[in-house]
Amino acid sequence: MDRRNFLKRSFAGVAMACGALPPWLARAIESPETGSQLPKWKLGELELHFIYTGCGENCFYRLPDGTSILNDVGDISRPRDLKDIPLLPSSERLGGEWVSRYIQRVYPEKIIDYAIFSHWHGDHTGSGAIDREKTPSAGFRYRKYPDGLSGNGIVCVAQDFSFRRYFDHQFPKQGQFKSKGGLSIGAVMPWLERERKKGLVAEPFKVGALNQIAMLRDPAMYKDIFSIRNLCANGIAWDGKNGVRDYIASHDKATGGALVNENVRSLAFVMRYGKFGYFAGGDVSGVLKNEDGSNVDYEGVVGRLAGRVNVCKTNHHGYHDAMSGEFVRAVQADAYISCVWSPRHVIKSTLERMTSRALHGGREALFVPTIYPASCRERFKKAGRFGGIPDATRFGVHVVVKVAPGGETYKIYLVDARDESMRVMGCLNCNS
């Protein structure tokens, strides 16, 4: 298939679904980059990588001055899902090993500036032998390495990279915030303790802080147009001014201390570069209780704090309990990018909210999963705007957002995840 026809096929669903391409995609008709390799990062670009392995959420960012961030590296799969969600490029290596190899292709250095973990679940941090012993049916695969570490996820990446700084949602009180789940803390701590002895700087994630996660190479050059705002962690959210509010403390008083899901405790931040905005919040989701017993859409609270963005990483992989109407209405993203490792991450009700014109002020939003498996395509083939999902995602793709210097424009690349060629399978040109 020639380049012109491939792009028409890849994105024709958008036009068919809404009658014409939405204005923000007006320049996305064709791209000479399809079929070529992903362009290298250039100074001044913001680069967001959503790396597909089939077994977790893996995000790697390169800031305009070159500062690098690894935001979660998961490693969990369920055997029953493999026919729909393949391990790519193959099952020969662990998910974290594939992530490490991917980063080496796009990042020529041996030290990553930040490791940031959103919460303690194996599909975001990796897991270890203890996790496998406690939940043997979950599909934990791990390896013992010569350096003495045993596990997957971050343990794999640590074989090839060291790190300068570290954040998670609970440091230095890991494990003291009780919740349902949270097994993967046992996999991360041995690595973290070793790295701190070697000089890694670990800090508490300060909710509400502006630029605690900062450029480390040349911050002065971009200080007026780039920022990262910490929005929440452990159910504690910024109040939008100079303080914070503890939503789980209120929930505890109303319920007598009923445990919340570990997902609710995820940390979240919003990144802005000129006119461009990006939100990432791990698995933030759920409804909590106010002290009077009334419900509060905690995810919606976080969305209002983030405000409108261009690109939004889906919360909880777009699962049925996430991407609430209140959250979507608040962020009104142009594109929602989802790190999928289960067919249950592509849910009709969630897709309806993310593609709802009513929630986006009449605009058309695009949903870009790292894989849109055949089972889901069959299930939703008559469901209106779901036909707008880029066709190339049926294979499994890495999604890469490249924001031009200054943040005025950006491109969304779909990169073939079936091998390590970094072949571009589609490209969208967008305005911030």
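**View 1. A cluster of aromatic rings.** Ring pairs join Phe 117, Phe 163, Tyr 166, Phe 171 and Trp 191 into a cluster. Rings of Phe, Tyr and Trp (its six-membered ring) pair if their centres lie within 6.5 Å, and planes under 30 degrees apart count as stacked, over 60 as edge-to-face and the rest as tilted. Across the whole structure, a search finds 18 aromatic pairs. Please keep in mind that this is a predicted model, where local features need pLDDT of at least 70, side-chain atom pairs count only at pLDDT 80 or more, and totals for chains, interfaces and linings use all residues. Residues are numbered from 1 along each chain as its sequence is written, and side-chain values use heavy atoms, leaving out hydrogens and water.

**View 2. Phe 50 meets Tyr 278.** The ring centres of Phe 50 and Tyr 278 are 6.0 Å apart and their planes stand at 70 degrees, so this pair is edge-to-face. Phe 50 belongs to strand β1 (residues 46-50) and Tyr 278 to strand β13 (residues 276-280), so the pair ties together parts that are 228 residues apart in sequence. Strands here are DSSP runs (E, at least two residues) and helices likewise (H or I, at least four), numbered from the N terminus. Phe 50 and Tyr 278 are both buried, meaning under 20% relative accessible area, with exposed over 50% and partly exposed in between (1.4 Å probe, protein chains only).

**View 3. The surroundings of His 398.** Look for His 398 in strand β19 (residues 397-403). His 398 is buried, with a relative accessible area of 3%. Leaving aside residues up to four places away in sequence, His 398 touches several residues, including Phe 50, Tyr 102 and Asp 416; contact means heavy atoms within 4.5 Å. A polar atom of the His 398 side chain lies 3.0 Å from the backbone nitrogen of Tyr 52.

**View 4. Helix α9 and its two ends.** Of the 9 residues in helix α9 (residues 298-306), 8 are buried, so the helix is largely enclosed by the rest of the structure. Among the buried residues are Tyr 298, Val 301 and Leu 305.

**View 5. Charges over rings.** The charged end of Lys 110 sits over the ring of Phe 161, 5.4 Å from its centre. Arg 229 lies over the face of Trp 238, 4.2 Å from the ring centre. A charge sits over a ring if NZ of Lys or CZ of Arg is within 6 Å of the ring centre and within 35 degrees of the ring normal.

Terms used: A polar contact is a pair of N or O atoms within 3.5 Å; within protein, one must be able to donate a hydrogen and the other to accept it, and residues adjacent in sequence count only if both atoms are side-chain atoms.
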